[in-house]
Amino acid sequence: MGGKQDQNEVYGKPAKYDPFFRGPIKNRSCTDIICCVLFFLFVLGYIAVGLVAWVYGDPQQVLYPRNSTGAYCGIGENKDKPYLLYFNIFSCVLTTDIITITQNGLACPTPQVCVSSCPEVPWTVETDQLSQSVGQVFYAANRNFCLPGVPGDMQVLQSLRQELCPSFLLPSTPALGRCFPWSNSTVPKLPGISNTSIAQGISGLLDSLNARDISVKVFEDFAQSWYWILIALGVALVLSLLFILLLRLVAGPLVFVLIIGVLGVLAYGIYHSWEEYRVLRDKGASISQLGFTTNLSAYSSVQETWLAALIVLAVLEGILLLMLIFLRQRIRIAIALLEEASRAVGQMMSTMFYPLFTFVLLLVCIAYWGMTALYLATSGQPQYVFWAPNVSLSGCEHVPMNTSCNPMDQPVNSSCPGLMCVFQGYLSTGLVQRSLFNLQIYGVLGLFWTINWVLALGQCVLAGAFASFYWAFHKPQDIPTFPLSSAFMRTLRYHTGSLAFGALILTLVQIARVILEYIDNKLRGTQNPMARCIMCCFKCCLWCLEKFIKFLNRNAYIMIAIYGKNFCVSAKNAFMLLMRNIVRVVVLDKVTDLLLFFGKLLVVGGVGALSFFFFTGRIQGLGKDIESPQLNYYWLPMMTSILGAYVIANGFFSVFGMCVDTLFLCFLEDLERNDGSVDRPYYMSKALLKILGKKNEVPPGDKRKK
């Protein structure tokens, strides 16, 4: 007896009857206060990091190009000059590769000037123009491409030697705020540079950076189709809502059809595997003839592969059939819970739109982190140093190369050909710059923790609202007037610390996964097979741990919303309750996953098919007002509609999934707390009572004893 009792109580004792329990407890106290204080201090530190980044950072360094003097193009004194022109862009292409140029902020060892428009026609300084003035050759011909402050009476030859004016111009197009030559432009003859290398450099540069035409076409497509995209998203919203609300009527038949469909797919797989195995067996194709090979497709031509597939599919088919036979009662309970969840959502429609609030909070968290990271990355003053294309030339021997300089001043030694003050990078000697890495790590930790806390808040609030539905004895009379807002205020007031505790545990695991992915990416080329196997095992273990913690947190938040206890106690009680009903948990989880997957497939697939036929013009006879727009890329609005439909369906079905999980835990608690007597009646629906063969002794119309 003692051994049996101990075995039954391995996962805790069943919940005891509480005559004062009427659903989510209202008289509760703050939980996990230490975590709450820690979370608030962390958020204050996160805000302080943002303020420091805002004070010391300058995102204009990324958003706007700089000229040779360090001034930004497109703002300030250069407001009417948004583009940057390179005097000799080929020095960028020929001195390094395009990837390096991009990583260095598209900086080149050549003078750069802000211009109002890029050159449209080719031009080269003629020999007879060298003795003329800059004003005659450049300013009079509206070639305003010299560095600021170059006097008009300066000789052209002198300006070219000091690289104050360009020696040639090429037809260019703006990309990323910079003027890049056309790949088919006529290239002037330059010493030491071949036309082939120039053409290849320009072509590669434009292929990598010139997205202007594509961006214009994308903008045009969105301008032509934005209202149709909104209509498609509206269709997705209506389909998602109808699917959830109609589940109370079609959940049983739909689950039955889906299960039959899975059985049919497995049956066809068995038949196909048998046919392939029979043909290959008659041919005598065996794995012994093939041997070991890294070409996995070759194994499809041997009989052992199809025999193994046949056995696996047959085992799966048998397991599913046995489950249908022996677990049919639990499947009926799962279907009844799905129908009850549909009724709960119908009674509290505001819960379906709560994900919009969560989405806004997530956008705030991500936007704050992105701006903070950008400001931190651009903190520090720009540093300029002396540079010359060839330091071995006469006149450059005594020039202090790579030493600091002021780009606004003239070079200290103009006898050195090509000497100029160029941008090198940003100073890292300040306190903020020295702590830049630590501040970025703090920001990443803040991003993960705040996002997980926002998601936890949404789960706990929805759980509180749906629990108030289940524990209302007379529905809908006993349901609180504003269940969602009451649950929100209750969660925010009492359980911020508990949500922060659960979010912190999940954050630490996610940070560990990020670090592991970073290490794996850095060492990918140097790892041996054993190291890769170990790394893969570590990644798999952390992935499984993250999934388990998400599952445990989700159910812990439900218990917090109902009973108002701290995170650890709630997580323990939820885990024990689920382990005492593990078979029901598995059945409900799989039936719910199958149903929600079908719902997402129905919504996303329906919107995708409708968008495809509409935007490709294959739907005819709708009238002039419903004609498909003329598009450059028909797949762009189609993919936008599909992505938006998935986001909408995922938001709606996440609420429904939370509703199912909450009602399920309440159902399990109801079974343990009550027995159907007058003093301890069940709170579950009549359909669940009928399936379980139970009934309440409370006469119809009588109210629950207070």
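Which residues is Q112 in contact with, leaving aside its neighbours within four places in sequence?

1. **Q112.** This is a predicted model. In it, Q112 is in contact with R66, N67, S68, L84, L85, Y86 and L147, once neighbours within four places in sequence are set aside. Q112 sits in strand β2, residues 112–115. Its relative accessibility is 10%, so Q112 counts as buried.

2. **Overall make-up.** The chain has 706 residues, and 43% of them count as buried. Its secondary structure comes to 23 helices and eight strands. Take the contacts with a separation of 6 or more: residues 24 or more positions apart account for 73% of them.

3. **Largest nonpolar core.** This core has 107 residues. F656, F667 and M684 touch the most other members. Helix α22, residues 635–673, gives the largest share, 17 residues. A second, separate core has 21 residues, among them V137, C146, M154 and C179.

4. G644 lies in helix α22. With a relative accessible area of 16%, G644 is buried. G644 and A232 are 412 residues apart in sequence. In space, their C-alpha atoms are 8.6 Å apart.

5. **Cavities.** The count comes to four cavities of 30 Å³ or more. Note the link to point 1: L85 and Y86 are among the contacts of Q112.

6. **T507.** Is T507 buried or exposed? T507 is buried, because its relative accessible area is 0%. The residue lies in helix α18, residues 496–522. Not counting residues up to four places away in sequence, T507 touches L445, F448, W449 and N452.

7. **Aromatic cluster.** One of the contacts of T507 is W449. W449 also belongs to an aromatic cluster.

8. **Aromatic pairs: W274 and Y277.** There are 21 aromatic pairs by count. In one of them, the ring centres of W274 and Y277 are 5.9 Å apart and the planes are at 40 degrees, so the pair is tilted. Both residues belong to helix α10, residues 247–283. They are three residues apart, and therefore separated by about one helical turn. W274 is partly exposed, with a relative accessible area of 36%. Y277 is buried, with a relative accessible area of 14%.

9. **Aromatic pairs: W471 and Y683.** Why is this pair edge-to-face? The planes of W471 and Y683 are at 70 degrees, and an angle over 60 counts as edge-to-face. The ring centres are 5.1 Å apart. The pair links distant parts of the chain, 212 residues apart. W471 is in the loop between α16 (436–470) and α17 (483–494). Y683 is in the loop between α22 and α23 (686–692). W471 is buried, with a relative accessible area of 4%. Y683 is buried, also with a value of 4%.

10. **Positive phi: D32.** D32 has a phi near 50 degrees, a positive value in a residue other than glycine. D32 lies in the loop between α1 (2–8) and α2 (33–56). At 19% relative accessibility, D32 counts as buried, because the cut-off is under 20%.

11. **Positive phi: N142.** Where is N142? N142 is in the loop between α6 (134–139) and α7 (156–161). Its phi is near 60 degrees, again a positive value in a residue other than glycine. N142 is exposed, with a relative accessible area of 59%.

Note on methods: Residues are numbered from 1 along each chain as its sequence is written. This is a predicted model: local features need pLDDT of at least 70, side-chain atom pairs count only at pLDDT 80 or more; totals for chains, interfaces and linings use all residues. Side-chain values use heavy atoms; hydrogens and water are left out. A nonpolar core is a set of buried Ala, Val, Leu, Ile, Met, Phe, Trp, Tyr and Cys residues joined through side-chain atoms within 4.5 Å. Buried means under 20% relative accessible area, exposed over 50%, partly exposed in between (1.4 Å probe, protein chains only). Helices (H or I, at least four residues) and strands (E, at least two) are DSSP runs, numbered from the N terminus. On a 1 Å grid over the protein atoms alone, a cavity is a set of points where a 1.4 Å probe fits but cannot get out, and a pocket is an open set with protein on both sides within 12 Å along at least five of seven lines; lining residues have an atom within 4 Å of a point. Grid points are joined across faces, edges and corners, and a volume is the space filled by probe spheres set on the points. Contact means heavy atoms within 4.5 Å. Rings of Phe, Tyr and Trp (its six-membered ring) pair if their centres lie within 6.5 Å; planes under 30 degrees apart count as stacked, over 60 as edge-to-face and the rest as tilted.
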